[in-house]
Amino acid sequence: MDVFEAIHSRQSIGKVKPDPIPRPLIEKILAAGAQAPNHYRVRPWRFVVLTGSALDRLADVMAASLKKRDPNAAPEAVAAARNKALRSPALIAVGVDKPGESKVIEIENVSAASAAVQNMLLAAYALGLAAKWHTGANAADADIKTFLGFAPDQHLIAFIHIGYPLAEPSAPSRPSFDDRTTWME
Ligand SMILES: Cc1cc2nc3c(=O)[nH]c(=O)nc-3n(C[C@H](O)[C@H](O)[C@H](O)COP(=O)(O)O)c2cc1C
């Protein structure tokens, strides 16, 4: 698929089939992520791939975290929190390394990891898969970060849900760059 076609026709797709994604496809997506530019070649992204029962364990942690954040959460809200982990048969959580040396800047590491996420969204699309970038309160939750192997002060920038699309997506329509661009000559 041509890169322009992929960029322009990719879209977030949340509704997916439960069918598992073959590991070689997930590895292709991860490999695309690892092609992202990154300053000082620190490769600041950390990918955690969850499939199968790992998603159930994450679901339990997400439910417990909601109850911890909101002890009065209704059972329906707790069930919804649990289901967030179970949206797709594969999930890639993306964490960001804290700078290990003074010349490395945290925002640049976050930027590089974000570029990796977009690469992965495009790769998933090119492979005929549906993908969607999620964050929300779970991305800032210390217990969820700990479960995934991240430090509580590490940025967790994405839960990328991946699956086979339930329906053929329609072509996305996005505003032009015009009103966000200044030309200086
Ligand atoms: C940093 C970031 C965080 C996001 N978090 C969420 C989220 O928590 N829930 C959600 O439904 N979509 C989330 N999205 C996806 C956007 O809502 C989605 O990209 C947007 O609706 C545009 O859709 P498109 O990707 O089809 O152009 C997030 C996107 C980004 C870049």
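1. Axes here are lines fitted to C-alpha atoms, for helices over the stretch in contact, and angles run from 0 to 180 degrees between N-to-C directions. Helices (H or I, at least four residues) and strands (E, at least two) are DSSP runs numbered from the N terminus. The model is predicted: local features need pLDDT of at least 70 and side-chain atom pairs count only at pLDDT 80 or more, while totals for chains, interfaces and linings use all residues. Residues are numbered from 1 along each chain as its sequence is written.

2. Helix α3 (residues 53-69) and helix α4 (residues 75-84) have axes that come within 7 Å and cross at roughly 140°, and this crossing is right-handed (clockwise; a left-handed one has the near helix turned anticlockwise from the far one by less than a right angle). Ala-59, Met-62, Ala-63, Leu-66 and Lys-67 of α3 are in contact with Ala-77, Val-78, Ala-81, Arg-82 and Lys-84 of α4, where contact requires C-beta atoms, placed from the backbone, within 7 Å. By class, 7 residues of this contact are nonpolar, none is polar and 3 are charged (nonpolar: Ala, Val, Leu, Ile, Met, Phe, Trp, Tyr, Cys and Pro; charged: Asp, Glu, Lys and Arg; polar: the others, Gly among them).

3. The axes of α2 and α5 likewise come within 7 Å, crossing at roughly 145°, and the crossing is right-handed. Lys-28, Ile-29, Ala-32 and Gly-33 of α2 make the contact with Ala-116, Asn-119, Met-120, Ala-123 and Ala-124 of α5, a set that divides into 6 nonpolar, 2 polar and 1 charged.

4. Helix α5 (residues 106-126) has 21 residues and reaches 30 Å from its first C-alpha to its last, close to the 30 Å expected (1.5 Å times one less than the number of residues). Its buried residues include Asn-109, Ala-112, Val-117 and Tyr-125, buried meaning 20 or more other C-beta atoms within 10 Å, exposed 12 or fewer, and partly exposed in between. Among the elements covering the buried residues of α5 are α1 (3-9), β1 (45-51) and β4 (155-163).

5. Phi is near 50° for Arg-41 and about 45° for Arg-43, positive in both cases although neither is a glycine. Arg-41 is exposed, with 8 other C-beta atoms within 10 Å, and Arg-43 is partly exposed, with 14.

6. The ligand is surrounded by Gln-11, Ser-12, Trp-133, His-134, Thr-135, Gly-136 and Pro-172 (C-beta atom, placed from the backbone, within 6 Å). This shell has 2 nonpolar, 5 polar and no charged residues.

How values were computed:
Contact = placed C-beta atoms within 7 Å.
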